[in-house]
Amino acid sequence: MIAIIKYNAGNIRSVQNAISRLGYESIITDDLEEIQQADKVIFPGVGEASSAMKYLKDKGLDRILISLKQPVLGICLGLQLMCKSSEEGNTKCLGIFNAETKKFPPLKKVPHMGWNNFSTIKESKITESINVNDDVYYVHGYYAELSEDTVATCNYIELFSTVMQRDNFYAMQFHPEKSASIGEKLLKNFLEL
């Protein structure tokens with residue numbers, strides 16, 4: 001079973017629908033035991049960092065998330081909350097990835113919204129069969145800086161981490177559930193880990 005974490009952030013149903021289209025069953029839950037027993041955990045989200053972290057802490061989800069041993073996938077806000085901290089609301093985050101989440105400078109239209117391709121991709125099971133010219137769909141005003149956990153980058157104003165991995169933790173800044181066949185392939189790569 002795949003657990004999709006419910007934590008007061010948007011975009012959860014569209015992730016569940018994308019997983020269903022790939023032939024997998026999932027539950028949306030904030031129950032600690034269900035999350036711990038799941039085969040895979042997805043940590044999606046559209047929202048604001050400080051209020052999302054408050055909900056995670058209030059429910060004890062912050063401690064559970066960092067202790068999970070099965071594959072975990074953060075999506076959009078999920079990736080940002082897996083970093084050390086976020087400039088959004090000056091928020092201390094989960095600290096899974098050794099990176100800070102920063103606000104895009106207003107040199108171009110912010111948020112970064114629409115299709116954009118990868119700039120670089122390192123070899124990883126999560127990016128298998130994905131190329132630098134592949135486009136994925138973004139909606140975000142904050143980004144994770146480059147770090148040793150960066151697997152793929154994108155360029156918008158500057159290079160940022162768009163796919164990250166540390167041990168069993170994976171994350172994508174873009175929305176794979178809205179990224180057509182490329183997003184479907186990336187989700188499938190995660191679900192087949």
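N90 sits in the loop between strand 5 (85-86) and strand 6 (91-92). Strands here are DSSP runs of E with at least two residues, helices are runs of H or I with at least four, and both are numbered from the N terminus. The model is predicted, so local features need pLDDT of at least 70 and side-chain atom pairs count only at pLDDT 80 or more, while totals for chains, interfaces and linings use all residues. Residues are numbered from 1 along each chain as its sequence is written, and side-chain values use heavy atoms, with hydrogens and water left out.

A180 belongs to helix 6 (residues 180-191). Most residues other than glycine have a negative phi, and most peptide bonds are trans. The peptide bond from V110 to P111 is cis, with omega near 15 degrees. P111 lies in the loop between strand 7 (100-103) and strand 8 (112-117).

**The whole chain**

The chain holds six helices and 14 strands. Its C-alpha trace spans about 45 × 35 × 25 Å along the principal axes. Does the radius of gyration agree or disagree with that of a compact globule? It agrees: a compact globule of 193 residues would have a radius near 16 Å, and the chain has 15 Å. That radius is taken over C-alpha atoms, and the globule rule is 2.2 Å times the number of residues to the power 0.38.

Of the 193 residues, 55% are buried. Buried means under 20% relative accessible area, exposed means over 50%, and partly exposed lies in between (1.4 Å probe, protein chains only). The accessible surface of the chain is about 8600 Å², by the Shrake-Rupley method with a 1.4 Å probe. Carbon and sulfur atoms own 46% of that surface. Now take contacts (heavy atoms within 4.5 Å) between residues at least 6 apart in sequence. In the chain, 68% of these join residues at least 24 apart.

A UniProt record, an unreviewed entry, lists residues 10-191 as "domain: Glutamine amidotransferase". Such annotations may be inferred rather than shown by experiment; their positions follow the numbering used here and feature names are shortened. Over residues 10-191 the chain is 28% helix and 31% strand. The end C-alpha atoms of this stretch are 21 Å apart.

**The annotated site**

Which residues does the unreviewed UniProt entry mark as "active site"? The annotation covers C76, H175 and E177. They are spread over 102 residues of sequence, but they cluster in space, with a largest C-alpha distance of 11.0 Å.

C76 is in the loop between strand 4 (72-75) and helix 5 (77-81). Leaving out residues up to four places away in sequence, C76 touches G45, V139, M172, Q173, F174 and H175. H175 lies in the loop between strand 14 (169-172) and helix 6.

**Cysteines without partners**

How many disulfides does the whole structure have? The search finds zero. A disulfide needs a pair of cysteine sulfur atoms within 2.5 Å. The sulfur of C76 is 12 Å from its closest cysteine sulfur, in C83, so it is too far for a bond. For C154 the closest cysteine sulfur is in C76, also 12 Å away, so again too far.

R166 is part of strand 13 (residues 158-166). R166 and F97 are 69 residues apart in sequence, yet 6.7 Å apart in space, C-alpha to C-alpha. Beyond residues up to four places away, R166 touches I96, F97, N98, E148 and D149. Its side chain makes a polar contact with the side chain of D149, at 3.0 Å.

**Accessibility of selected residues**

| Residue | Relative accessible area | Class |
|---|---|---|
| C76 | 4% | buried |
| C154 | 0% | buried |
| H175 | 2% | buried |
| R166 | 29% | partly exposed |
| A180 | 57% | exposed |
| N90 | 74% | exposed |

Methods:
A polar contact is a pair of N or O atoms within 3.5 Å; within protein, one must be able to donate a hydrogen and the other to accept it, and residues adjacent in sequence count only if both atoms are side-chain atoms.
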